[in-house]
Amino acid sequence: MEHLVQRAVTTIRERYGEPLSLDDLARSAMVSKYHFLRTFTKVTGVTPGRFLGAVRLHEAKRLLMTTTLNVADVAVQVGYSSTGSFTRRFTESVGLSPTQYRKLALGARDDTRPPAPSETPRSEPAADAHRTNSVSGVLRTVGTGLSPAYVGAFATPIMQGAPASWSNVSAPGRFTLAGVPTGTWYIHAVAHGRPPGAAPDAEHTLLVATAGPVRVESGRGKRLDITLSPLDWSQPPILSALMDIDPQSLAA
């Protein structure tokens with residue numbers, strides 16, 4: 001059934017600006033909407049609606065960085081009828097308002113930035129890997145990873161919003177996320193690198209990894225190993241601004 005889901009993902013990526021419904025996507029995959037919903041979620045890790053929303057916001061990020069369209073026009077381009085709804089959803093998912101994202105992504109600074117990621121716990125020495133409420137392990141790569149790699153504990157299967165804890169480490173290398181709140185989290189990692197077999201001068205691509213859901217319990221550490229590999233068609237786009245903007249610039 002993967003090829004049917006892939007057909008639906010292609011529809012989403014090509015028609016994200018349209019008011020696509022579950023029925024529309026199921027028809028594109030040529031199966032019943034209930035079977036389609038179960039299969040799509042199993043293959044991609046998220047519902048069709050959440051995948052569509054991620055694609056829309058990812059395209060909005062691109063438009064904010066590469067065009068001079070105002071926020072209202074960007075909202076319309078990516079399928080939102082309300083600028084207010086678009087701005088709220090963008091801010092929740094990216095961690096910055098559309099205006100803040102454009103300014104920081106283009107190297108500008110303002111006085112209205114949100115709390116900096118550097119205020120959350122960062123990586124600790126390997127000897128502290130089993131500290132209370134920590135997640136630690138080894139970050140591996142398929143292909144050639146380039147430093148730094150970012151690893152964070154996020155609330156959803158989509159890498160969006162602000163992480164509960166994050167660190168930047170070498171890839172491959174060890175990582176520790178300290179002070180992760182008790183609860184269920186998804187551990188996302190991302191770096192730029194070269195896919196397996198690529199020439200030394202090949203263009204860098206995005207290498208990603210997701211582990212979860214991971215249950216973090218009070219007073220206990222969690223250990224896992226994750227492997228970065230090229231982003232493929234079944235994975236929703238990365239939305240968190242942490243991956244587009246140097247975290248130190250957010251703290252500046």
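**Salt bridges and one buried valine**

At 56% relative accessibility, R27 is exposed. Exposed here means over 50% relative accessible area, buried means under 20%, and partly exposed is in between, with a 1.4 Å probe and protein chains only.

Some ground rules. This is a predicted model, so local features need pLDDT of at least 70 and side-chain atom pairs count only at pLDDT 80 or more, while totals for chains, interfaces and linings use all residues. Residues are numbered from 1 along each chain as its sequence is written, and side-chain values use heavy atoms, with hydrogens and water left out.

Back to R27. Which residue forms a salt bridge with R27? D24 does, with the closest N and O atoms 2.5 Å apart. By salt bridge I mean a side-chain nitrogen of Lys or Arg within 4 Å of a carboxyl oxygen of Asp or Glu. D24 and R27 sit three residues apart in helix α2, so about one helical turn separates them. Helices are DSSP runs of H or I, at least four residues, and strands are runs of E, at least two, numbered from the N terminus. D24 is partly exposed, at 22% relative accessible area.

Why do such pairs form? Side chains of opposite charge can pair when their charged atoms come close.

How many salt bridges does the rule give? Five. I will take two others.

Next, K33 and D23. Their closest N and O atoms are 3.7 Å apart. This pair links distant parts of the chain. K33 belongs to helix α3, residues 33–44. D23 belongs to helix α2, residues 22–29. They are 10 residues apart. Both ends are partly exposed: K33 at 28% relative accessibility, D23 at 35%.

Now helix α4, residues 48–66. R62 and E59 meet there in a salt bridge, 2.6 Å from N to O. The spacing is three residues, about one turn of the helix. R62 is partly exposed, at 41%.

Last stop, V74. This residue lies in helix α5, residues 71–77. V74 is buried, with a relative accessibility of 0%. What does V74 touch? Leaving aside residues up to four places away in sequence, the contacts, meaning heavy atoms within 4.5 Å, are A60, L63, L64, L69 and F86.
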